[in-house]
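Visitor: I have not looked at this one before. Can you walk me through it?

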Amino acid sequence: MHPQTFIFIGRSGSGKGTQAELLKKYLDEEVVGTRDVLYIETGPRFRNFIKEDTFSSKLSKEAYDNADLQPSFLAVWMWASILIEKMKGDEHLIIDGTPRALPEAKVLSTALDFYSRNGAHVIYLNVSRSWTEKRLLERGRVEDATFTKRNKRMDWFDREVFPTIEYLKNDDRYHLYDVNGEQTVADVHKEIIARIFSDKFLA
């Protein structure tokens, strides 16, 4: 199998990280002609970044504490620096939680074009607001602790990420899979594998 690109997108708490890890394991253990996998996860990198003692990190922490969407330039820097430093060219690429806004999606498209990564597989874990709120309460992170913060995070998803999903859906450089995220973890993974690995675009 040629090097493939997989992008996970969905609401906070939709299970993007879990499903990305399961896909990585599947690629490592089940796919014939296994390649290395470069896994880019921006969430933990942001959480480490805001602990630093720089002017930029302090401003980023203010946005984080207010449950505001981080600016696109900063989000791009988070994943672009990893691509620049670590990309070898012959590995599978998994991107978790990016892009989260339309400007970021357009920059990501230029990056994938640069690396000749057309035909990326976008896995949209589709869950409702009510399901999301329940999951955010269950996982117990500080940024999800109050009703106001949870609502802000869900609002900016509706405002910023939905247009991004439409952009990816209508761009023929991507293949978007709308996956029911309100299933068990095992069933979501099973649906992802079944749909992607039976896709005529996968080569």
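Guide: What follows is a short tour of a predicted model, taken one topic at a time.

Visitor: Start with the inside. How many residues are in the largest nonpolar core?

Guide: The largest nonpolar core has 26 residues. Those with the most contacts inside it are Ile7, Trp79, Leu83, Leu93 and Tyr174.

Visitor: Which elements each supply at least two residues of this core?

Guide: They are strand 1 (5-10), strand 2 (37-41), helix 4, strand 3, helix 5, strand 4 and helix 7 (147-170). The largest share comes from helix 7, with 6 residues.

Visitor: And what does a second, separate core include?

Guide: That second core has 17 residues, and Phe8, Leu23, Ile123 and Ile193 are among them.

Visitor: Back to tryptophan 79. What does it touch, not counting residues up to four places away in sequence?

Guide: Tryptophan 79 touches Ile40, Thr42, Thr98, Glu104, Val107, Leu108 and Ala111.

Visitor: New topic, helix packing. At what angle do helix 2 and helix 4 cross?

Guide: Roughly 110°, and their axes come within 10 Å. Helix 2 and helix 4 are therefore roughly perpendicular to each other, since angles of 65 to 115 degrees are counted that way.

Visitor: Is that crossing right-handed or left-handed?

Guide: Helix 2 crosses helix 4 in the right-handed sense.

Visitor: Which residues meet there?

Guide: From helix 2 they are Thr42, Arg45, Phe46 and Phe49. On the helix 4 side they are Leu74, Ala75, Trp77, Met78, Trp79, Ser81 and Ile82. Sorted by class, the contact of helix 2 with helix 4 has 8 nonpolar residues, 2 polar and 1 charged.

Visitor: How far apart are the axes of helix 2 and helix 3?

Guide: The axes of helix 2 (residues 42-49) and helix 3 (residues 55-65) are 9 Å apart, and the two helices pack at an angle of about 115°. Phe46, Arg47 and Phe49 in helix 2 meet Ser56, Ser57, Ser60 and Tyr64 in helix 3. The residues of that contact divide into 3 nonpolar, 3 polar and 1 charged.

Visitor: What about helix 1 and helix 8, at what angle do they cross?

Guide: Helix 1 (residues 16-29) and helix 8 cross at roughly 55°, and their axes come within 10 Å. That angle makes helix 1 oblique to helix 8. The crossing is right-handed.

Visitor: Which residues make the contact?

Guide: Helix 1 brings Thr18, Gln19, Leu22, Leu23 and Tyr26, and helix 8 brings Val185, Val188, His189, Ile192 and Ile193. By class, the contact of helix 1 with helix 8 has 7 nonpolar residues, 3 polar and no charged ones.

Visitor: While we are at helix 8, where does alanine 186 lie, and what is it, buried, exposed or partly exposed?

Guide: Alanine 186 lies in helix 8 (residues 185-196). Its relative accessible area is 49%, so alanine 186 is partly exposed.

Visitor: Now the backbone. Which peptide bond is cis?

Guide: The bond from threonine 98 to proline 99 is cis, with omega near 5°. Proline 99 is in the loop between strand 3 (92-96) and helix 5.

Visitor: What is the phi of alanine 67?

Guide: Alanine 67 has a positive phi of about 60°, although it is not a glycine. Alanine 67 is in the loop between helix 3 and helix 4 (72-86). With a relative accessible area of 2%, alanine 67 is buried, because buried means under 20%.

Visitor: And the phi of serine 116?

Guide: Serine 116 is not a glycine, and its phi is positive too, near 55°. Serine 116 sits in the loop between helix 5 and strand 4 (120-126). Serine 116 is exposed, because its relative accessible area is 63% and the cut-off for exposed is over 50%.

Visitor: Last one. Why does threonine 132 count as buried?

Guide: Threonine 132 counts as buried because its relative accessibility is 1%. Threonine 132 is in helix 6 (residues 129-139). Leaving aside neighbours within four places in sequence, threonine 132 is in contact with Arg11, Ser12, Val127 and Met154.

Methods
Residues numbered from 1 in each chain as written. Predicted model: local features only at pLDDT ≥ 70, side-chain atom pairs only at ≥ 80, totals over all residues. Heavy atoms only, no water. Axes fitted to C-alpha atoms, helices over the stretch in contact; angles between N-to-C directions. Helix = DSSP H or I, 4+ residues; strand = E, 2+ residues; numbered from the N terminus. Contact = heavy atoms within 4.5 Å. Nonpolar A, V, L, I, M, F, W, Y, C, P; charged D, E, K, R; others polar. Buried < 20%, exposed > 50% of the residue type's maximum accessible area, 1.4 Å probe, protein only. Core = buried A, V, L, I, M, F, W, Y, C linked by side-chain atoms within 4.5 Å. Parallel < 35°, antiparallel > 145°, perpendicular 65-115°, else oblique. Left-handed = near helix turned anticlockwise from the far one by under 90°.
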